[in-house]
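Look at the structure first, then read on.

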Amino acid sequence: MSSSALIAIDLGCRGAAVGLALLIAGVLLRDRRDTAARLSAALLIAVAASAISEAPGFPRPWPYWALILAALSSSGAVLLWLWARATFDDEFVLRPWHGALLVAIVGTQLFDLWPARGVLRGDLDRPLALVYLGLALLAAAQTLATWRLDLVAGRRRLRAVVLVGAVTYSVAGFFQGLWAASVSGSSVWSLANAVGLWVLLSLSGWSLFQAARMQQASALLPTTHRVPGETSAVAPGQDMPPAVDPELLRRLQRLMTVERAYRREGLTIGSLSAELGVQEYRLRQLINEGLGHRNFNAFLNHYRIEDASTALADSGQKQVPVLTIAMDAGFQSIGPFNRAFKAATDLTPTEFRRLALAKQASRPGKPDDDPGIGQPG
């Protein structure tokens, strides 16, 4: 095939990738307002900028007008890592230092490419390539770290795309940058880069919209951050999702509320599925679609926090340390307990106990003499 034909295919794939990236970004910003969606859109814009700046015939060295594309492109590695954190960790919160890291890396890249530096331009290529590779590996680590805890089917598929696709693409770009920097833009590498990017964006778009569809289905269920004492995510009169087996759901709820399986140390979704005698994927679907939980730890913590809330509100246990109550409920340390309790109730355990005991004290009679109060068995 002639060089002009290769360049034409290359440019066609890059154009399709840019159009697809911007289309997905626009749809995400239109339909969603969460942190993960905004980071997704920013990442897709960075990918589009990278596809344009690496196209055959793009001016080198970088002119001043093209530095905005360089800034957008160089932000991609940080955005990939942050996007993986926000998408696969339900407790992730953006911090100011995340923005500082992004500014530092983009600033370093622009300094390296600044036209006025003359022959010194590009002397930071290798250190920056290592930084980009490290961030891609951190994104992969985040993808793997919580894979087994994820209960959302569409999001689990998205993890595979990120792990196999985005990280492979980043690693390939790293080695190409180190050992093939002199290869022309019309090379086989450039064509493979363009085709790979187009395929990756196609798969990512499909997986993202599949995950969004699953999330919208889950949104029909009430939020899992509800008042302690509620046991079901399905409202009275609301139909159970077709894939949920009511009998299996009752068995699971009995195991958690009567037998208090959540108190067991080292309880996993694998051991729970074995106890119920069902495949692991069915248990994931049951917890996600039947009870509205997106993460296995969040599912366990719901029951643990309910247990701890009952103990904290019990005037007969007002001298029991918060740590003891947390450990009895199944938490392994006070830090995760405090964070989970605050997220679920908007109160710290100490504040919750103080308010609950004050409310009891304001009622007629002596709460400590109430025969119905006692520590759960």
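In this predicted model, the charged end of R304 sits over the ring of F331. The distance to the ring centre is 5.8 Å. R117 also lies over a ring face, that of F111. The table lists both.

| Charged residue | Ring | Distance to ring centre |
|---|---|---|
| R304 | F331 | 5.8 Å |
| R117 | F111 | 4.2 Å |

**Rings with rings**

Y64 lies in the loop between α2 (35–53) and α3 (67–74). W114 lies in the loop between α5 (96–113) and α6 (125–145). The pair therefore ties together parts that are 50 residues apart in sequence. Y64 is partly exposed, at 48% relative accessibility. W114 is partly exposed too, with a relative accessible area of 38%.

Elsewhere, ring pairs link Y262, F296, F299 and Y303 into a cluster.

**Helix α12**

Helix α12 covers residues 296–312. It has 17 residues and reaches 24 Å from its first C-alpha to its last. That is close to the 24 Å expected at 1.5 Å a residue.

Is α12 mostly enclosed or open? Of its 17 residues, 14 are buried, so α12 is largely enclosed by the rest of the structure.

What caps the N-terminal end of α12? N295 does: a side-chain oxygen of N295 lies 2.8 Å from the backbone nitrogen of N297.

Methods: Residues are numbered from 1 along each chain as its sequence is written. This is a predicted model: local features need pLDDT of at least 70, side-chain atom pairs count only at pLDDT 80 or more; totals for chains, interfaces and linings use all residues. Side-chain values use heavy atoms; hydrogens and water are left out. Helices (H or I, at least four residues) and strands (E, at least two) are DSSP runs, numbered from the N terminus. Buried means under 20% relative accessible area, exposed over 50%, partly exposed in between (1.4 Å probe, protein chains only). Rings of Phe, Tyr and Trp (its six-membered ring) pair if their centres lie within 6.5 Å; planes under 30 degrees apart count as stacked, over 60 as edge-to-face and the rest as tilted. A charge sits over a ring if NZ of Lys or CZ of Arg is within 6 Å of the ring centre and within 35 degrees of the ring normal. The expected span of a helix is 1.5 Å times one less than its number of residues. A polar contact is a pair of N or O atoms within 3.5 Å; within protein, one must be able to donate a hydrogen and the other to accept it, and residues adjacent in sequence count only if both atoms are side-chain atoms.
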